[in-house]
Amino acid sequence: MYIFLGCTTPMKQYAYELSLRAVFPRLGIEIVDMPDSNCCGTPLMGVNRFYNVYAPARLMAIAEAGGLDIVAPCNGCHLALSEAAFMLREKKNLLEQVNALLKEEGLKYTGKVKVYHPVEVLYGLVGVEKISSAISYKLPPLKFACHPGCHLVRPSHIGRPEQRDGKLKLEALTEAIGLQTRDHPEKYECCGAAMIPYSTDAAIKTVAMRIKKFVEGGFDGVTTLCPYCFDMIDGKQDAAKTITGDRSLSIPTFYYTQLLGLAMGISERELGLNLNMSPVGSVLEKLRR
Amino acid sequence: MAEEPKVGVYICHCGVNIAGVVNVKEVVDYASTLPNVVIAKDYPFMCSDPGQNLIIEDIKTKGLNRVVVASCSPRMHEPTFRKALERAGLNPYLLEMANIREHCSWVHEKQPREATEKAKELVEAAVAKARMLKPIETVKMPAVKRALVIGGGVAGIRAALDIANSGFEVYLVEKRPSIGGNMARLDKTFPTLDCSQCILTPLMVEVAQHPNIKLLTYSEVISVEGSVGNFTVKILKKPRYVNEDLCTGCGICEQKCPYTVPSEFNLGLGKRKVIYFEFPQAVPLKPVLDRDNCVYFKKGTCRACERFCPAKAIDFNQQPKEITINVGAIILATGYALYDVKTKMPEYRYGLSKNVITGLELERLTSATGPTKGAILRPSDNKEPKNVAIILCVGSRDEKHLDYCCRFGCVAGIKHAYYIVSHIPDAKVTICYTDIRAFGKGYEDFYARIRSLDNVQFIRGRPMEIFEDTNGSLYFDVFDQNTNRLIRLNPDLVVLETGVVPDPSFEQIATVLKCSRGPDGFALELHPKLRPTETSVDGVFIAGVVQGPKDIPDTVAQAGAAAASAVSLLAKGEVESVPNVASVNQDLCSGCGVCEVVCPYTAIVLEARNGGRVAKVEAAKCKGCGACAAACPSGAMTQLGFEDKQIIPQIEVLARGR
Amino acid sequence: MQTCAQTDILDAVRKVIGDQRPEACYQCMKCTSGCPAAKVTDYRPHLMVILTKAGLAEEVMQSGIIWACSMCLKCKEYCPQDVAPFDVVTALKNVAISRGYKPPEMLVGMANSVLDYGYIMDKPMTITTTEFEEVSRESLGLPDIAHPKDMEKFKKLVSNFGYRRLS
């Protein structure tokens, strides 16, 4: 399937891309780069709402022309594509408008392309059992908190990969490689990324609240599958400490694909484990074989 | 027809409802030109006394034998005008109505010219049919002078007593082991704070002792056949495994039973024995052995109850019993259940956090007969809460859940605040409300009284969710519009005033009775203002929350109204058949049986005739729905009042020139 | 003190694509109660909706508070009247831009970058790791990013629905 990386992953969150490219093929998921690609529009919904329908349609039309489905690792991108598909199904005049524009590039949107998030690929297409057998060793049962991220859970009426009830797919996947998961308050709460343009201060204070709950919960680490959430939780811990004055706001943060890759015996370099900003060193020692 | 039709046409202005759009005079003039029309008139309000008298006078003085009234929908006044014809000595079914209001003036307000033309056509079509109308005689059948009340909550109890006190026999069927319903679960009732059990149990005892009431508890209605005046009802009496004639209600069996399970009456809080009385004031005061959890039934051991029962009343071989009864009227009063907040609204953590409870569960905690003997204690650690948050409108007024208001949640929440502060003097209560609906008698006063307490705070804001912190304590944020502040609350107990839905048993009963449901799932009344206890099924009445959420005063009032409707039916002692019954020409009938299959009222049977079979309509059961007439392939089945030779002239008028 | 209610804002909000129904709101405060932005700024989604409904939204477009929304979608998920406050505010943002109000500086950069390069950033960043190593997409051996093949055409097409350069 095509991998639609969006903006943040290929331009900043290299560890996500590295670990995805390392893990997927070894699990039998062939990923192909898109021949032509653009921003999905999620960060710009307030600037132009229509772009956020046109751009995803363009991407899905490109994928359809290439005959492959799409995996979108970023929650925001996945939501943009899913929501656009939903709206284009519901509103015929919107579909006409969009296709009139796509026609200029020789493209057409029919809604045939399926859009996956890595959590769906790993849980649904690969499966927890295959993952358990694909790993070379089970990670020690350290306690990990799973942060799905807002856009993986909401808005539920269009269907999202995760649900706000019961065990997360991400938690099942985390347990499949040997780690322990536990519930924590504010699991479905926001990382604050989208507030950065308005007020970095406000955004940091928000992620600080999330990190606080991870720390209070006594977790050994946090795992997520969204570049924005990772950017906030992993990358802003120092800022969080400074702005709130709370020196306890520190927790090793990983992309799930990094942890999965570790369990599969892939090198830390290939998984981009040198790129995490949070203090992963001591936990990595425990996780190594 | 022997005589020539002499049609009188009456065009109603309906104030300005019709006359404001349709040129009534023009329609009158046009009607006068139609063949067989002897007189055409208009009048501001045909349904009024003088309006009706116009018709009656003309029938008497001009010898009219057919009447057309062009006015509002027949659903409004067809009975009115039929009675007018009757008073004038004419068969009431020689009336035809043209709806020039709902079907004309009200929907074509901006096109008066076209509306007038349409009104003329509708009147002409009505005249065309009227010419072909034949008198119809209805049949009177005796009604069984007995009623059935389904549901033994306060609505069913009140209705049963009212019917019984009017001198009629009534069966009261209740699926639980005791009557009392949800009201028996309450500690106090608002606004007077009467002890709920204290005001209810005298009525329950009255039911048990009333010579006219046959009480069938732990029983369910499984089928209903027949129609108004003559229903045949099959009831299944589930086995208690206790011989009710021998049992004295001494309670030794309950004491000696070694096993406990969660108590349904206490909504899962606290336990009950496997052989148990639902609650201390249960009526009848006989225990029930819960077969599914009984060790004897599961493994063949124990039998402690049997060993210790002084009256030798335990009977493990008791079988379910099917009872068939005949009644003339049925009242449906199956009550309510709480909305499934556990599954549908996981964000409030009901079912996940022990200290998040429903208002009804708080009633059980506060009640002296409850699991904590009336002490309000947190389910997690049995300690008194000091900081209680009460959240109103949980699941109600919500397009994603229940779009209607539960009607009693506001005052119940206020009452619950009172429970907390009166039991625990140093406790603080915060009520998170959206609007306070304190509409009933004494409710505003009650609200004012609780509002002025220092330890009760009202916050105008609906919280989105509740969190359970790592250490098990609860917290949530709510924006208080009153003080314009975002507030974080850290309650040690949260009470949810949830929305209500019809009791799950209603689903099956509604199907059995063919009782319509509204879009909100509650039983549908015939008219929301004027006929709140009648349903689309003749002889089936509704009372209480089954018809829609309401408080106890409204429930009891409606129960009385339903009882009155039932009694008026039974007192008359007879029911009239429907005029528009199906009628079969047996000479044309091929005996195919399609009509029998489509009839929803089992009013058609096939009988043997000349070596074959033909259909026969039992006019008493026929409700005039017309399905058989429409389905009949050979044209043998017609419907009185809607025969082909009556409808075709109407169609010819309306199809003309199109 | 504002005296006239501006219904043109409500009309403009309705024209933007989305599920917004500001007219349905009965001010229950649920959205603001759960809003992450409300906890750390003066942003109040319920207020955005009621001001829009009342025709008084000019002041929030002016103050720029509408840009504080964290896009968490909780308000849309839990609103009992399907108002979808998020959709109302997103529409307000669109209306604000069309009326010449500037969004936060960072968004201006991101919006213009999409017109020039198809992405919110012009080129991949060079990151310094915690071990003070400098890495780039190239140094990590990651393949080149595909941009829209014909940027001019792309720019022209998106201008069809009003997506223009912000200054």
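1. Helix axes are lines fitted to C-alpha atoms over the stretch in contact, and angles run from 0 to 180 degrees between N-to-C directions. Helices are DSSP runs (H or I, at least four residues), numbered from the N terminus.

2. This is a predicted model, where local features need pLDDT of at least 70, side-chain atom pairs count only at pLDDT 80 or more, and totals for chains, interfaces and linings use all residues. Residues are numbered from 1 along each chain as its sequence is written, chains are lettered from A and ligands numbered from 1 in the order in which they are written, and side-chain values use heavy atoms, with hydrogens and water left out.

3. Look at chain A. Helix α2 (residues 14-26) packs on helix α13 (residues 256-263) at about 40°, and the axes are 8 Å apart. Contact means heavy atoms within 4.5 Å. From α2(A), the contact residues include Y16(A) and L20(A); from α13(A), they include Q258(A) and L260(A).

4. Now chain B. The axes of helix α5 (residues 112-132) and helix α19 (residues 644-655) come within 8 Å and cross at roughly 155°. So α5(B) runs roughly antiparallel to α19(B). Among the contact residues are E121(B) and K129(B) of α5(B), and K645(B) and V653(B) of α19(B).

5. Y43(C) deserves a look. Its contacts include C35(C), M48(C), I66(C) and V89(C), not counting residues up to four places away in sequence.

Methods
Helices (H or I, at least four residues) and strands (E, at least two) are DSSP runs, numbered from the N terminus. Angles under 35 degrees count as roughly parallel, over 145 as roughly antiparallel, 65 to 115 as roughly perpendicular and the rest as oblique.
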